[in-house]
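Subject: Structure handover

Hello,

Here is the structure I said I would pass on. My notes on it follow below.

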Amino acid sequence: MTSALKALPNIHRAYMIPACRGLASHPRSMSLWEHGLHLFRSAVGVVLPAPMLRRALVLKTDGCPRLVVRDRAFPVRRNLYLVGFGKAVLGMAAVAEEILGDHLIQGVVSVPHGIRACLQQAGMEEMLLKPHSRIQVIEGAKHNLPDREALRAASMIRELAEGLTADDLLLVLISGGGSALLPAPTPPILLEEKEKVTKLLASRGATIQELNTIRKALSLLKGGGLAQAAYPAQVLSLILSDVIGNPVDIIASGPTVYSSPSAQRCLQIMTKYNLMSTLPRSVETVLSSSVSDPSGPKDYSHIYNVVIGSNSLALEEAKRQAEDLGYWTLILSAGVCGEVSRVAKLYSQLIQFVCLSTAGLGEGPLRDQVRGDLLKLAAELEIPGFNLVDSLKALQGLESERSVCLLAGGETTVQLQGNGKGGRNQELALQVALELHRAKATGAGYFLGKCEVLFLSGGTDGQDGPTEAAGAFSSQELVDKAAQEGLDVETFLSNNDSYTFFSKFRNGHHLLLTGLTGTNVMDIQAILIRARDR
Ligand SMILES: Nc1ncnc2c1ncn2[C@@H]1O[C@H](COP(=O)(O)OP(=O)(O)OP(=O)(O)O)[C@@H](O)[C@H]1O
Ligand SMILES: O=C(O)[C@H](O)CO
């Protein structure tokens, strides 16, 4: 994220999306591009810190003051403390402090290096703390790696938690990136040793579940350690999820969720990624003694973990907006994962499937073939929450000429082979364009030609990989149009150079440029399809 903490180059400013606003023009007269931007903006808007916190956290002052979160009420009487760690936590803390008022005694948050300057520069003052805030801010974890500053923040957070009593309430704000911002290696492990292990695991393709299992085993605060430090105070965690399925024990390595990975599981992971021979001695020592801590509290009733923002929430809002614009809308899944090239094939086949209906070619061998290919691909990808059979049934029943919006979210992966500049969303948009181009060349041209298609993919944090863009959008005509500008899509893709491509193509017009959004619920894809005017 830190590489995004720069001003966007002037050339792109013209394409930045204005803040979320109502749509004045008639939906049909608007381009799919405008619709796509509106849906993306709306989806992100609903998971921004302010609306999210205000929905989740209410201070009731009639009678005894109490903090109400869902079905629970916590009595408050100037007994509130706040800690937080994660990429979206500064904005969350600013709103929380406004809500809590004088009941908040003290707070510490660990947030990404450079974030205040960046938010200031972007004019996002509402995400900054007020001048006489009771919350101390520490910026660290440059390049999303734990460092000395994050270590200092973690020890201040631990100290604050350990000083609490049974009368206190600790509000914990958690978002993605929290693992790197809360490093507290279990002695004798040194910060550098822990960093080396996590870096190696990440570079060898470990999943976030595997990575955070190891982080928990090597940390004093992860895997419930923070909640344990705060005991016997009440602990209320408000969590913004950046992991598929919203597993609270994995997001930011679950500092308020008791889980103690077994030594056997950790050693399995280390063996899988061929790390056993390179493990520092201190890590081996801690791993081999990593069994449940018998001194931990027996009941967990002092902890209340609540997911207040997620990819699904963002998709639901996009669905509402798409329906308002007149689209027949379907959320495919909030758990889209897998290699970008395979996910692109899936989306391309789905687009073809919809275009067959829109063109009035609902039945026949062509449709059966696309359906067969889709089922095969979906079985290989095993996307959580994606019921392709039901989705196809719903799409099959559509009247022709109906405008269709398919929405999905999650986090794909890119196997980096080249040394270009890009991100998973831009690469996905470019791959989808290439797949549609290839499909047209092999017989799908007739029915694809009957439809206008827009594919958009963007990171909700506003930054796709190490680039200034959140993502990009593409169409079935993109490859041909690019060729007219002398740009060969396949060459850019083979060098993982999607950002360079989109920056050059139509002078950056297909880049999705939002600037940092201050939130992060992974990525969102929108596919918009409508029959061409005859
Ligand atoms: N040239 C490239 N082309 C495509 N993808 C790339 C490229 N360089 C990096 N990436 C991808 O960008 C991602 C890393 O960027 P980033 O730091 O934004 O990820 P992240 O920390 O997982 O993001 P988030 O905060 O959204 O979870 C990885 O998925 C990586 O494969
Ligand atoms: O911080 C982390 O562990 C990741 O962002 C997943 O939440």
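In this predicted model, 17 residues of domain 1 are in contact with 16 residues of domain 2 (contact: heavy atoms within 4.5 Å). Domain 1 is 32-46 + 311-531 and domain 2 is 49-184 + 221-257 + 295-309; the bounds come from an automatic or database domain assignment. Their C-alpha centres lie 35 Å apart.

About 1200 Å² is buried between the two domains, with carbon and sulfur atoms giving 63% of that area (accessible area, 1.4 Å probe, lost on putting the two parts together, summed over both). On the side of domain 1 that touches domain 2, the elements giving two or more residues are α2 (32-46), β10 (328-339) and β11 (404-413). β10 gives the most, with 4 residues. Helices (H or I, at least four residues) and strands (E, at least two) are DSSP runs, numbered from the N terminus.

As for the ligand, 16 residues surround ligand 1, and the closest are K87, G420, G422, D461 and N496 (a heavy atom within 4 Å). A nitrogen atom of ligand 1 lies 3.1 Å from a polar backbone atom of G420, and a nitrogen atom of ligand 1 is 2.9 Å from a polar backbone atom of N496. An oxygen atom of ligand 1 is 3.4 Å from a polar side-chain atom of N520.

Residues are numbered from 1 along each chain as its sequence is written, while chains are lettered from A and ligands numbered from 1 in the order in which they are written. Local features need pLDDT of at least 70, side-chain atom pairs count only at pLDDT 80 or more, and totals for chains, interfaces and linings use all residues; side-chain values use heavy atoms, with hydrogens and water left out.

Regards

Note on methods
Polar contact = N/O pair within 3.5 Å; in protein donor to acceptor, adjacent residues only side chain to side chain.
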